[in-house]
Amino acid sequence: MNSIKRLTALTRAGVMESLQFRLGTVVTLFGNLIYLALVYFLWKAIYDSCGSSVVNGMTFYDTMIYLILATAIFNFLEMFIIWDMSRSIQSGEIILHLLKPMKYRLYTFWSYSGTHLISFFLTFLPTFIVVMIITKGAIPLGWNFLFFVISLTMALIINFNIDMLVAPICLYTESTWGINMVKETIVLLLSGATIPLAFFPDSIRRVVEYMPFRAVYDMPLTILLNKDGANTMNGLLSMLGTQLIWCIVLTIAGNLFWNHAVKRITVNGG
Amino acid sequence: MEQTKTLKKKRGLLFYISIYRKILIQDLKSKMSYRADFIISNFGMIISNMSGFVTFMILFHNFPSINGWNYYHMLFLYGFSLIALTPVQCFFDNNWNLRFMVRSGDFIRYCFRPINVFFYFISEVFDVKGLGQFAFGLGTFIYAWCHLGIPVTIVTVSQAVIFLLTASLFMIAIMNAAAATCFWIINSGYVMVIMNRFRDFAKYPASIYNKVFKFIFSFIIPIAFVAYYPSLVFITPDNVPLLTWLSPLIGAFFFYLSYKFWMLGVRRYDFTGS
Amino acid sequence: MANEVVVMKNVSKEFKVLNRHEGLKGSFQDLFSRDYKIVKAVNDVSLTVEKGEIIGYLGPNGAGKSTTIKMMTGVLEPSSGEIEVNGMVPYKDRTRNSENMGVVFGQRSQLWWNLPLIESFKLLRDIYMVPEKDYKDMLELYKSLVDIEPIIHKPVRQMSLGQRTLSDILAAFLHNPGIVFLDEPTIGLDVSMKAKIRELIKGLNEVKKTTVILTTHDMGDVDALCKRIIIIDEGKKIYDNDIDHLKNYFGSYRTLRMRLEDGTWEEQVIDEKKTDVMHVIQETQKSHKIKDIQLEEISTEEVIRKIYEGSKAYE
């Protein structure tokens, strides 16, 4: 199976490249831990000042774990796709990639996959372990972890597709930072990564729940933490199902949009 | 024309200011010629600031106060931090490009002119969208100022200006140091992204931390000085800690350290980028 | 020695390079390894350059040319040895050294990308504190040497490679430096552009007596501009003398070209001291009919190649 060989080769190359960045990995981990401290103190103070230990169904520990892991997931999901692609387009390098026998989207996905693997083991897991230690095991460990990994993989695909949808917009408008900032802001805010969705006023929350962003952060986290909605088989399956739907929808949309964009790139000759 | 023996030509502050002005004007001219990017970037900045606001509102929708700091106190801190974060955004934005130029070897072009390399590099880029942030910050700041009933006198206004300026030095120092790591490590982009994320915490009072972390965020990654310490002059005018009064000195010191670190990177770098 | 612009004495430059291992397992090892090897990019090089000379600095890729230039311009510090440029140590006195120096790197422009050329010139005039009169005179000189009208108001990003190179060279000479370093200035250019640039450099050198150190792979540059060449290979200097001397050195070499009956040309380099030309012709006639013969001086390129090979033969 030639294509599987190609894909694993790409992942392998990505892993090797990732490992070259030794100090960089340490730095990301370190940064996560400091951020952990920040979140801890902030929310401790917030909960202390408020007088009740549960707000909107979230305890202090809930909020803290949620936000820290959201950041860990953010690091994990982060692919400088938009930036790399812009640079690639500007330098004309992208033509080389488009000429390669493998489909560009697939190629991009798998070349980042190596980075993701390393990132998962070297930054997400240690962060997770530290959180477990600090909260004295507040995160339940069981089947939910397996479902979490599935959910996270889908979140990865969804995030990838969102990025791939946004990147050609940068191409059309010749503006990278602005578009990326808008995308990131919206994704982080509406997915519950900046502040847990549980805190949103009801009216807003209901609207947000229909958007795909929730599937990137909120859902995997809810599954991992076995919170409301994921602690029953029904709830769990419906969450995973929603993610799957978003995966498919966005992959199709991404494909269409991308093919259209490729035409434009090739017409312009880089 | 004879070639004269080289005398060290004096290049003082006035020289640098005039050169900076010229380079700046050219950068602005060329940025504005990319219309779409110009508009979208400013739009992006506004969206980002609005999201910050929304987050803030949601937070206070659920929690009326933090550590004794109420809504208007926090708003003041928020506005103050946005203003203090503007200089680093506007004037020192080229730091984000440092790692690419160093890796590709293009950085070497900054080393052949008889002007300070740091100045030359930093002066090339002025980020207009930072002005959007400034507007947001100023608006919030003034709004909170009024609601907190802080008197408007020559003293308080000049204090505001001075402390805002010195507060900005801290974030500048942090980003200089973060950018300079690219001379030693490959994945310095992450360092910068992390430091950038810390700036979000400048808008929270440092009183929430325990002793150890208060120390870290005061003296190692000094985000506490970006808004918290200076703001105390206005929020608790009867009880201003010594650190606040010292902050201009500390700020200058941090800036100097970060500059030295940056230049150290330039010297030690092997320039084998090609 | 007031006439010596550049003096290098026993200069060496070493770099630490991480020993990388192969494969996936190797990459894991590299994460924790402290295994470095020392690479000597420049190995005990000594040379002097006098005022007003145009020196060709040649060598195969990776020979250490760029590293030497970087040391002369003050960007790198030598691991050992001494360098003096215009009486100053470039590394120690970077700013002062830069006042009197111009640099052009073939592919990397130092001009402001979005600015029309004239605006770049004005900025440079301010940065180098060039007196207004000198600046105007220089522009006049430029106008007399090349046609700058088509490019003077163009932003660098809109220029062709040739125009960009031309602009970079003009910018390098603008403040009337004592010495200019040109690193592969004609790379990637078409023949007519190369000729224009060579004429410009020659003209500026003649009028302003600027010392020029030129690194290049193009023998055309060498033939047109340099009276003296220095060849460096694997960090060591293997030749330092006039071009004429080179020709004398290899004066007995000829290139023999014979046109065969099928129209193709066969070429052979012959050392007349060792081989008889007639003999070679007669040998060839045994298997081919010769329609035409050309006997030429050996080209500079061939000579240089022989020197590279020669230096290897002594190892």
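**Close-up views of a predicted three-chain model**

Read along the sequence, chain A runs α-α-β-β-α-α-α-α-α-α-α-α-α, where helices (H or I, at least four residues) and strands (E, at least two) are DSSP runs numbered from the N terminus. The model is predicted, so local features need pLDDT of at least 70 and side-chain atom pairs count only at pLDDT 80 or more, while totals for chains, interfaces and linings use all residues. Residues are numbered from 1 along each chain as its sequence is written, and chains are lettered from A and ligands numbered from 1 in the order in which they are written.

**View 1. Chain A and the side that touches chain B.** Chain A holds 11 helices and 2 strands, and of its 270 residues 43% count as buried (20 or more other C-beta atoms within 10 Å of the residue's own, with C-beta atoms placed from the backbone). The contact with chain B takes 33 residues from chain A and 33 residues from chain B, two residues being in contact if their C-beta atoms, placed from the backbone, lie within 7 Å. On chain A, α2 (22-50) and α8 (177-190) each supply at least two residues of this side, and α2(A) gives the most, with 14 residues.

**View 2. Helix α2 of chain B and its crossing with α7(B).** Helix α2 (residues 35-62) of chain B has 28 residues and reaches 41 Å from its first C-alpha to its last, close to the 40 Å expected at 1.5 Å a residue (1.5 Å times one less than the number of residues). Its buried residues are B:I40, B:S41, B:G44, B:M45, B:S48 and B:G52. The axes of α2(B) and helix α7 (residues 130-148) of chain B come within 8 Å and cross at roughly 35°, the axes being lines fitted to C-alpha atoms over the stretch in contact and angles running from 0 to 180 degrees between N-to-C directions. The contact is made by B:N42, B:M45, B:I46 and B:N49 of α2(B), together with B:G132, B:Q133 and B:F136 of α7(B).

**View 3. An open sheet in chain C.** In chain C, 3 strands form an open sheet in the order β11-β10-β12, with antiparallel pairing (strands pair if DSSP finds at least two bridges between them). Because β11 (265-271) and β12 (290-297) of chain C stand at the edges, each with a single partner strand, one side of each is left without a neighbour in the sheet. Strand β10 (residues 253-260) of chain C pairs with β12(C) in the antiparallel sense over 7 bridges, and C:L256 stands opposite C:L295 in β12(C).

Methods:
A residue is buried if 20 or more other C-beta atoms lie within 10 Å of its own, exposed if 12 or fewer, and partly exposed in between; C-beta atoms are placed from the backbone.
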